[in-house]
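Colleague: I would like to learn how to read this model. Where do we start?

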Amino acid sequence: MTPMLAPTLAPSLLTLRVAAIEAPTSLIKSITLEATDGALLPGYTPGAHLQVEIPCANGGAPQWRSYSLIHLDPHDDPREGVRAYRLGIRREDEGRGGSRHMHALEVGATLTVRAPVNHFPLAAPPCVLLIAGGIGITPIVSMASALAAQQRDYVLHFSGRTREALPFVNELRALAGERLILHADDEPATRFSIDALLENAQVNQPIYVCGPAGMIDAVLAAARKRGWHECDLHYELFTEAAPQEGDTAFEVELKSSGKRLTVPADKSLLDTLIEHGADVMYDCRAGYCGLCSTRVASGEIEHRDTYLSDADKASGKVMQVCVSRCKSGRLVLDL
Ligand code: FES
């Protein structure tokens, strides 16, 4: 696979107005965005997300956060253009501030966003197993809506700590009917069991899963153990990569300017580059979308992404700066 290098053109920017805000649970807000001039907005496919610009509190460069687009009406095809985008955002009090900023918005506020992109597309298989944990329901619900519109078969398993923690349940029930199966950790009778679920599924039935990393890992591991092929396993992580125990600081040199930066042990290379004004494209911040691929002129890379092929990783010439680090204490980047 040829690594995808950061495109030089930014995706088109849109200025949107907050048209409505709902709170389906105490931690989750649903935010509807429309064009400030009422124009039709670019369409999207199930699994797509928007990148939203989050201003930096201390006047630094703004950051971008990705939020999946929710589509619940199977009679309305969002591919050709839509009047509004709907997002579902869980407040993360310990996060880096994106969700807190979104939760503080009021109706009428404006936001800058990048037009929808999709790293979690829905293929056209016969019977699909959709699995969502918590706020991971947002891309999955759009898939259920598209499958319903195409009159294709699916089952949607939706799991959370409690029933009250599950957002959009009434709308989901109206959309999916008996195909929706709810699971709550505090209800022994409905608690989500990956083994029981896969026991009753066809091996290689396509699985689309979105939610916390632990849930995704467990679903993928159980499916692989039962013989699922990789091509039938589709997932999207909602958590950004966190520093790992034992991470150490390293130095980075930007080849074009000779500028030297120190990447602290508790910070990603991407964040360090952004902080110092480097122009790097990014999206998932978790090593799977490919957008932050950066050429490396020298130094030993510690690859932590799931995007690059083994051959790309072995070449030592390219890295995903959102998650990967350095083994040799110093990297020279082709930036
Ligand atoms: S931002 Fe997606 S792989 Fe780095």
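Modeller: Start with the spacing: the centres of domain 1 and domain 2, taken over C-alpha atoms, are 23 Å apart. Domain bounds come from an automatic or database domain assignment. This is a predicted model: local features need pLDDT of at least 70, side-chain atom pairs count only at pLDDT 80 or more, and totals for chains, interfaces and linings use all residues. Residues are numbered from 1 along each chain as its sequence is written.

Colleague: Into which domains is the protein chain divided?

Modeller: Domain 1 covers 13-117, domain 2 covers 127-237 and domain 3 covers 250-333.

Colleague: How many residues of domain 1 are in contact with domain 2?

Modeller: Contact means that C-beta atoms, placed from the backbone, lie within 7 Å. Here, 16 residues of domain 1 contact 17 residues of domain 2. The domain 1 side holds 7 nonpolar, 6 polar and 3 charged residues. Ala, Val, Leu, Ile, Met, Phe, Trp, Tyr, Cys and Pro count as nonpolar, Asp, Glu, Lys and Arg as charged, and the others, Gly among them, as polar.

Colleague: What is the strand order in the open sheet of 5 strands?

Modeller: Strands (E, at least two residues) and helices (H or I, at least four) are DSSP runs, numbered from the N terminus. Two strands pair if DSSP finds at least two bridges between them. The order is 9-8-7-10-11, with parallel pairing.

Colleague: How many bridges join strand 10 and strand 11?

Modeller: Strand 10 (residues 207-211) pairs with strand 11 over 5 bridges, in the parallel sense. C210 has E236 of strand 11 as its bridge partner.

Key:
Contact = placed C-beta atoms within 7 Å.
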